[in-house]
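Take a look at the model first, and then follow the notes below.

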Amino acid sequence: MTHLALTNVSKLFGDFAAVRDFNLDVEKGEFVSFLGPSGCGKTTTLRMIGGFEIPSFGNILIDGEDITNKAPNQRNVGMVFQSYALFPNMTVAQNIGFGLRVRKESEANIADRIKEMLSIIHLEGKAHSYPYQLSGGQMQRVALARALAIRPEVLLLDEPLSALDAKIRVSLRAEIRGIQQRLGITAIYVTHDQEEALSLSDRIVVMNTGKIEQVGTPFEIYNFPKTRFVANFVGSLNTADAEVVDVQQGLLIADGVLFHTAEGTKGRSVGDKVKMAIRPERFSFASEQKKANVIDATIENITFLGAVVRIEVKIGNANFNMDTFNNPFLELPKIGSQTKVTCSREAVLVLDD
Amino acid sequence: MNLSARLRNIPFWSWIWFILGALYFVLPLYATLDFSLRMERGVVGFKAYQSSFEDPEFLRTFGYSALIAVVTILASALLTIPTAYWIRLKLPQARRIVEFITLMPFVVPAIILVFGLIRIYSAPLTIPFTDIVLMPALTTFKFGTNILVVAGYMVLGLPYMYRSVDTGMRTVGVHTLTEAAQSLGANWYVIITQVILPNLRSALLSGALLTFAIVIGEVVLASFLGVPAFGPYLFLLGQHRAFEPAALSFTTFLMTWAAMGIIQLVTGGQGQASGAH
Amino acid sequence: MTQNVLSAFKGKVSASNYKNWIGVAPFFLFAILFIFLPSIRLFVDSFKDNNGHFTFANILQLFSEPYILNAYALSIKISAVTALGGAILGFLLAYSVTVGNLPKPMRSILITFSGVASNFAGVPLAFAFVSTLGRTGFITILFKDVFGLDIYQSGFNLYGFAGLSLVYMYFQFPLMVLIMAPALDGLKKEWREASENLGASAMQYWIYIALPVLLPSILGATILLFGNAFGAYATAYALTGGRIGIVTIQVGAQIRGDVLHNPGLGYAMAMGMVFIMAISLAGYSWLQAKTERWLK
């Protein structure tokens with residue numbers, strides 16, 4: 001059942017359309033990420049759900065009730081800010097209890113909820129600390145607890161991890177997801193970090209210049225990007241201009257080299273100019289004899305990236321990246337040597353522009 | 001849009017406070033200007049200004065105050081820049097005590113300062129329990145009195161001068177700049193004249209202008225030490241005349257405004273707090 | 001290379017720390033000669049009787065001599081009233097140009113004007129107010145002509161407590177503006193949004209968050225304003241010709257001649273001022289540090 005619905009939502013700032021015709025249905029308990037570069041409208045959309053911006057057009061509904069024009073303090077929507085926004089004059093406990101206090105709940109209820117929230121975020125010992133005495137990760141956990149304490153219908157998270165160190169970012173990411181699943185709360189998560197979106201979400205909404213590019217599960221978004229923007233933004237990608245040679249056999253020619261594709265030529269005709277895309281990790285050295293896509297290549301450069309080794313190869317006149325897992329016994333070819341690389345038909349994607 | 005959101009967009013009360021404050025600012029100035037223009041019965045004109053500026057006593061006292069102000073600024077710069085630089089570079093542990101000292105004028109206001117200065121320097125300064133004279137009685141001769149006046153003004157301007165310089169040094173990062181210059185082979189002379197001072201220009205200017213604004217109309221030190229400064233002159237003029245003091249008051253205001261306007265321009269809008277009148 | 005320079009610096013600091021104090025010696029010498037020696041001299045002298053013997057009599061007399069007690073009382077009264085009034089008006093003005101949604105240019109106009117007004121004191125300020133609220137002042141005449149009201153008949157006197165307070169306000173509230181504007185800037189937009197998000201009204205936001213956060217700054221600034229008025233001499237002297245009995249004027253009279261017939265009492269009176277000013281400054285610094293810790 002649809003819990004949160006945005007229909008035809010647009011936001012204009014003067015002549016500038018920050019968000020255009022945004023449509024999305026979110027299920028109860030779903031974790032949805034808005035992913036995109038800065039200025040793509042993801043934060044504006046989130047702020048419209050929170051009530052901090054009023055849509056120029058369209059409607060926002062929670063459980064069928066129109067909340068489009070409701071003041072922020074009339075909606076039961078929790079928000080976690082990038083800068084934590086903890087109240088500096090209040091202790092951790094007071095911060096967490098604030099939403100209940102302004103709702104005039106009984107002291108006993110408030111105390112119980114604070115205790116419950118503190119145990120959820122594993123900060124029982126810090127109840128009486130002030131925000132300035134906490135680390136960044138602890139502050140953000142308190143901010144999460146504060147937003148959850150009001151038992152919101154939807155939890156909004158605005159790049160909550162981007163001010164934190166890399167290590168804490170990963171551990172807190174898992175914690176957020178765990179708490180969200182345990183409480184079964186609907187969450188909207190804004191990020192520009194594709195890894196975060198892929199690892200956390202049930203569904204991802206990829207946005208660019210105010211518009212939705214694609215909505216899908218992390219698996220779909222990564223493996224079957226619909227547009228060139230999504231393919232480029234999520235994961236790394238080799239792209240090349242190509243021409244359809246044979247629709248039936250799925251043949252493309254890019255820079256004088258033939259590529260076989262599984263689905264890419266469907267609905268196109270011979271001579272069509274298309275954008276061909278192949279993810280670096282889908283390439284491998286052609287050790288065994290394969291039927292399709294065995295391609296002559298020259299090793300141009302090798303970069304060691306830790307778990308992955310990135311090999312730059314020249315195919316025809318174009319350079320492609322090829323990723324291979326690192327291991328201590330890996331035998332790498334010499335730069336400048338000739339080799340054969342391969343990829344499956346399914347790896348060769350053709351993108352809408 | 002709901003009502004409370006809409007009300008928030010019309011800053012009704014903000015305008016009320018702003019206009020109230022503006023009236024408080026402007027009315028006395030307007031009244032002064034208005035009064036200063038009415039020296040001749042029935043005519044609005046600059047007679048009072050002309051008459052004040054032509055008074056040789058005005059030129060003498062104003063010139064004296066301006067000269068003292070310039071000397072104060074130079075001496076103050078000479079004292080505060082090396083101190084602040086040294087502390088940033090080599091002696092960060094001295095910061096607290098030096099900052100505390102620069103705040104002393106808030107604890108020892110001008111009237112108390114001049115009281116103490118007169119007590120100390122109206123007799124020769126000797127090493128305690130001996131008769132060895134360190135300094136002759138400064139108040140007994142002209143040059144000595146001028147030294148006292150400049151020193152007193154340096155004390156009164158210390159909070160502004162030192163803070164401007166120190167804030168300037170922090171914002172430009174003198175420590176890093178010095179290290180960068182050293183690593184490029186610069187000697188101390190080059191570092192100070194070509195790297196540090198040019199970067200402190202706006203900080204120095206705002207400190208200097210604030211000091212100027214304080215010194216030019218100062219009355220307490222000047223009158224108790226008996227120097228022929230502009231402040232006591234204006235005060236005396238007020239005892240005998242009506243229109244000229246108004247004209248000179250308005251002129252002083254314009255000068256203060258010019259000084260603050262320039263500070264506002266060079267520091268990009270950070271106000272300067274003041275105190276101790 | 002840079003690394004070498006850096007380590008060379010560190011080496012020097014730890015090896016010959018005391019030598020580094022030479023660099024600040026001129027500053028300390030200046031401070032001793034022109035701040036501390038004069039103050040200490042007054043302090044020591046306030047414990048001496050007319051024959052130079054040690055005594056507590058001067059300090060005790062501060063609390064028994066009605067003439068001195070009244071001076072302190074009046075000074076404290078004027079300082080407290082103008083500090084409070086200045087704080088309130090200054091806060092509201094600072095509020096209006098920071099979070100009060102006034103157009104941007106208003107802010108720089110107000111800040112520049114505050115810079116001018118907080119430095120526009122002494123003789124010119126006194127004369128400006130004589131032109132405004134003196135017996136033939138602009139507003140005095142305006143009230144007489146327009147409303148038929150003689151403000152001097154109805155008890156107002158520019159040269160008394162009320163008048164002097166109004167004049168002091170002219171440099172008091174701009175100082176408050178200069179201190180409070182940055183403090184109000186320190187209120188993060190997100191705090192307001194977070195509080196709204198949690199269901200708080202605008203009123204609740206101000207009561208529970210904004211005012212508590214600002215309280216140390218407000219109190220600290222008010223204390224500073226108090227000290228600012230307490231130490232003022234020139235404005236009051238120029239306005240009243242020395243006829244209003246505030247502490248600074250009495251100290252001034254004592255410098256001119258031994259009006260108390262006991263120099264030691266004069267020094268004690270000066271020390272009493274320093275004591276009150278020191279307490280104000282200490283209070284201000286303490287509150288300032290508290291705010292900085294919160295807003296770190």
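A charge counts as sitting over a ring if NZ of Lys or CZ of Arg is within 6 Å of the ring centre and within 35 degrees of the ring normal. With that in hand, welcome to this predicted model, which holds 52 aromatic pairs over all chains.

**Charges over rings**
- The charged end of Arg146(A) sits over the ring of Phe87(A), at 4.5 Å from the ring centre.
- In chain C, Lys77(C) places its charged end over the ring of Phe161(C), 4.5 Å from the centre of that ring.

**Phe25(B) with Tyr170(C)**
- The ring centres of Phe25(B) and Tyr170(C) are 6.2 Å apart and their planes stand at 85 degrees, so this pair is edge-to-face.
- This pair crosses between chains: Phe25(B) belongs to helix H2 (residues 12-36) of chain B, and Tyr170(C) to helix H9 (residues 161-185) of chain C.
- Phe25(B) is buried, with a relative accessible area of 2%, and Tyr170(C) is buried at 1% relative accessibility.

**Phe253(B) with Phe120(C)**
- For Phe253(B) and Phe120(C), the ring centres lie 5.4 Å apart with the planes at 80 degrees, so the pair is edge-to-face.
- It also runs between chains, from Phe253(B) in helix H14 (residues 243-267) of chain B to Phe120(C) in the loop between helix H6 (104-119) and helix H7 (123-133) of chain C.
- Both Phe253(B) and Phe120(C) are buried.

Methods:
Residues numbered from 1 in each chain as written. Chains lettered and ligands numbered in written order. Predicted model: local features only at pLDDT ≥ 70, side-chain atom pairs only at ≥ 80, totals over all residues. Heavy atoms only, no water. Phe/Tyr/Trp six-rings, centres within 6.5 Å; stacked < 30°, edge-to-face > 60°. Helix = DSSP H or I, 4+ residues; strand = E, 2+ residues; numbered from the N terminus. Buried < 20%, exposed > 50% of the residue type's maximum accessible area, 1.4 Å probe, protein only.
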